[in-house]
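Thanks for coming, everyone. Please have a look at the model on the screen for a moment, and then I will walk you through a few of its parts.

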Amino acid sequence: IDHHASSYAITGSLFKIAEAAEYIGIRSNLCYETSDRDGEKIAEEGIAENVEFIKYCSKKNDDMLKGMFGLHASMTISEKTLDKCLNAISGLNTGFHVHCAEGIEDLEDSRAKYGKGVIERWHDAGVLGSKTIAVHCIHISEKEMDMLKEKDTIVVHNPESNMGNAVGASPVLEMFEKRILLGLGTDGYTADMMESYKVGNIIHKHVKGDSNVAWGEIPEMLFINNRKIVERFIDGQVGILKEGALADIIIVDYNPPTEINKDNINSHLLFGINGRFVDTTIVNGRVLMEDRKLVDIDEERMMARSRELASEVWKRF
């Protein structure tokens, strides 16, 4: 699930990412980050890209590719632009993907302009819902947690990103108690979900000053709730080995120093495994990587081309 931004190359950007995802063979749910940061014309172009892509995905009707409506953050979305987004998403059977109260600035801006918190603003406007992803949710009140629960809104926690941006720690333990659907993500800080698992486990112990917390909540977010989140947007089942489920599987090369059983498997995953242990990746029944080698993909050529393009980008700054 990706939140893309390229303010001077918007039109067709989601379709280009989707083309790459299809070529590689990964399951994707994409949106464009609508924002007023670069003016009204750019914001309208972002709205149009979201709408066209969502309609394309709806017509395609493929569990490999879905679309959402991206918003950057409350502090970069005016009431005028928000009204346009709400009108544009009407009837599209999807939700918003938006950064919520990530930094204290977002909360302060919302209070100054609208007299309310970020989540309260989204709640009152009609942004929240069962297919909306509220990312981060750090600077929110208990009243706003209840609003998220009331609207069955998805919240995704990104602990490494939050630490890297020094914006605080999301109150996920409190939200977990309220049974808000909480997922675990990265916000682009890493490509290794096991890193997020490890950091999610320790950051809340540190913040609470209690080594007993976050043992159960974080793996439930990663291994159970992330699956539930994906299934809100597709018809098939993922994250489970059973007949009829979509065959999205990784095989991990791990030789455990102690027995693995149902009571300690999460600790083996937490302390013994990271992304480098993945030997084989299968998506939708197709083997994408085997013996740590990408299948039918020229990785060296792609990386060489990436470095070449990166050098050209750096020259612009």
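This is a predicted model: local features need pLDDT of at least 70, side-chain atom pairs count only at pLDDT 80 or more; totals for chains, interfaces and linings use all residues.

Let me start with a question: which residue in β11 is the bridge partner of valine 283? The partner is arginine 286. Residues are numbered from 1 along each chain as its sequence is written, and side-chain values use heavy atoms, with hydrogens and water left out.

Back to the strands, then. Strand β10, residues 278–283, pairs with strand β11, residues 286–290, in the antiparallel sense over three bridges; two strands pair if DSSP finds at least two bridges between them, and helices (H or I, at least four residues) and strands (E, at least two) are DSSP runs numbered from the N terminus. These two strands form a hairpin with two residues between them, and in the turn asparagine 284 has a positive phi of about 55°. β11 also pairs with strand β12, residues 293–294, in the antiparallel sense over two bridges, and glutamate 290 has lysine 293 of β12 as its bridge partner. β11 and β12 form a hairpin too, again with two residues between them, and here aspartate 291 in the turn has a positive phi of about 55°.

Next, the open sheet. Five strands form it in the order β4-β5-β6-β7-β8, and the pairing is parallel. Its edge strands, each pairing on one side only, are β4 (69–73) and β8 (182–184). Strand β7, residues 154–157, pairs with β8 over three bridges, and valine 155 stands opposite leucine 182 in β8.

Finally, two helices. Helix α3, residues 79–89, and α5 pack at an angle of about 50°, with their axes 12 Å apart; axes are lines fitted to C-alpha atoms, for helices over the stretch in contact, and angles run from 0 to 180 degrees between N-to-C directions. The two helices, α3 and α5, are therefore oblique to each other, since angles under 35 degrees count as roughly parallel, over 145 as roughly antiparallel, 65 to 115 as roughly perpendicular and the rest as oblique. The contact, meaning heavy atoms within 4.5 Å, is made by Glu79, Leu82 and Leu86 of α3 and by Arg121, Trp122 and Ala125 of α5.
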